[in-house]
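Please look at the sequence and the structure below before reading on. The paragraphs that follow go through a few places in the fold, one after another.

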Amino acid sequence: MPRRWPDRLDLSTEDRAACRASVRAGSRSFHAASLILPRAYRDPAYALYAFCRIADDAVDEHGGRLETLAELSDRLDRIYAGRPADSAADRGLAAVARAYELPRALPEALLEGLEWDARGQRYDELSDLYAYAARVAGTVGAMMAVIMGARERDTVARACDLGVAMQLTNIARDVGTDARAGRIYLPVAWLVDAGIDPDSFLATPRPSPALAGVVRRLLETAETLYGRADPGIAGLPPGCRPGIGAARRLYAGIGREVARRGHDSVSGRAVVPGRRKLSMVGVACLTSLAGRRAAALPPLPETRFLVDAAALPDAARAIPRPSYGERIAWVAELFARLEEQERLQRQAERP
């Protein structure tokens, strides 16, 4: 019989649905990948994402006021005190924190990254950008590792690598969108080396061969991190590997779409077509269970504090390999979910 994961999340059906809707509205790529996670992990992932989404939106919608960050910090206090605000996202994160003993340092680091956004912080060197990406995206990777029970140090480090890589991809895709909002995330030193004055670019965002070179450089950096992250997927529970592998492929696909457009992310925003997404998810399903762990790599210096918070000293044992029967059952379940995902995609594409 296939292994079944217990549903540990003490959360109402209504709140689960609200968190799921937040994911569907906020990130098509994350939602597409999440559909092939086992439900016992999918709902906690939705709850995590919903709080991250609502926190990010609160900072954007209120013009980055620091008072908004103080309010979010107060909400986090209430979540960890077991008295969440009257919000599905807050109740969801409280349920996750309670069920999985989620270290508070992880969502706190996320809020710190959002505070940097509110302050309009710029990032001079790649290391500075890594520090930002660690907070707004590496935290999500670490929190996902926690809810999957994959708290061995090297696996958490690879989860953080994946989060940082995804954030670099987002930055490369959104250069124009961010600039028109008065924000710049590309390393300032890289822009200066390319002969681009950051303030002049923000005043009049335009594509150029020099800017394309900076975007290409950032995507190449992201690809290196995706490669570092790949062995960590083998450290996850087998049923979770296809979903995380799919997320990795979908976000890397966004970067390839930016490259296909000549690394011009000012004139338009790169989007991966739905059919291509389905193909990527299918490949992830077929390849993820066969992955092997590689030799351990140290975490990025900028994510080490997340690994220290999330990893458990007694979690170094390997996750047992599934039996042949379990693999067959998992594959059958995966393809059933893929068929459902394709049906939903066809509905969404109808005029």
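Alanine 296 has a relative accessible area of 59%, so this residue counts as exposed, the cut-off being over 50%. The model in which this value was computed is a predicted one. Alanine 296 sits in the loop that runs between helix 14 and helix 15 (304-310). Along the chain, alanine 296 and glycine 232 are 64 residues apart, while their C-alpha atoms are separated by 9.3 Å.

A second pair of this kind involves serine 12. Serine 12 belongs to the segment before helix 1 (13-26), and its relative accessible area of 32% makes it partly exposed. In sequence, serine 12 and glycine 92 are 80 residues apart; in space, the distance is 9.1 Å from C-alpha to C-alpha.

Where is serine 87 found? Serine 87 is in the loop between helix 4 (66-80) and helix 5 (88-100). The side chain of serine 87 reaches the backbone nitrogen of alanine 89, and the distance is 3.3 Å. Is serine 87 buried or exposed? Serine 87 counts as buried, because its relative accessibility is 14% and the limit for buried is under 20%.

Helix 3 is the next stop. Alanine 45 is found in helix 3, and at 1% relative accessibility this alanine is buried. Alanine 45 and valine 96 are 51 residues apart in sequence, and their C-alpha atoms are 8.9 Å apart in space. Helix 3, which covers residues 39-61, also holds both aspartate 43 and arginine 39. These two residues are four positions apart, about one turn of the helix. Their side chains meet in a salt bridge, with 3.4 Å from N to O. Aspartate 43 is buried, with a relative accessible area of 4%.

Side chains of opposite charge can pair when their charged atoms come close. How many salt bridges does the count come to? The count for this model is 22 salt bridges. One of the pairs joins aspartate 174 and arginine 173, with an N to O distance of 3.0 Å. Aspartate 174 is buried at 11% relative accessibility, and arginine 173 is buried too, with a relative accessible area of 12%.

Another salt bridge links the side chains of glutamate 257 and arginine 261, at 3.7 Å from N to O. Glutamate 257 is buried, with a relative accessible area of 3%, whereas arginine 261 is partly exposed at 36%. Salt bridges can also join into a network, as they do for Asp154, Arg158, Asp161 and Arg228.

Some charged residues gather with others of like charge. Which residues form a patch of negative charge on the surface? They are Asp124, Glu125, Asp128 and Asp193. Aspartate 124 is placed in the loop between helix 6 (105-118) and helix 7 (126-147). With a relative accessible area of 46%, aspartate 124 is partly exposed. A residue needs over 30% relative accessible area to be part of a patch, so aspartate 124 passes that cut-off.

The last topic is the backbone angle phi. Most residues other than glycine have a negative phi. Glutamate 101 has a positive phi of about 50°, although it is not a glycine. Glutamate 101 lies in the loop between helix 5 and helix 6, and at 64% relative accessibility it counts as exposed. Histidine 263, again a residue other than glycine, has a positive phi near 60°. The loop that holds histidine 263 runs between helix 13 (241-260) and helix 14 (274-288). Histidine 263 is buried, because its relative accessibility of 14% is under 20%.

Conventions. Residues numbered from 1 in each chain as written. Predicted model: local features only at pLDDT ≥ 70, side-chain atom pairs only at ≥ 80, totals over all residues. Heavy atoms only, no water. Patch = residues over 30% accessible without salt bridge, like charges linked within 9 Å, V, L, I, M, F, W, Y side chains within 5 Å. Areas by Shrake-Rupley, 256 points an atom, 1.4 Å probe, with all protein chains shown as cover. Salt bridge = Lys/Arg side-chain N within 4 Å of Asp/Glu carboxyl O. Lys, Arg positive; Asp, Glu negative; His and termini not counted. Charge placed at Lys NZ, Arg CZ, Asp CG, Glu CD. Buried < 20%, exposed > 50% of the residue type's maximum accessible area, 1.4 Å probe, protein only. Polar contact = N/O pair within 3.5 Å; in protein donor to acceptor, adjacent residues only side chain to side chain.
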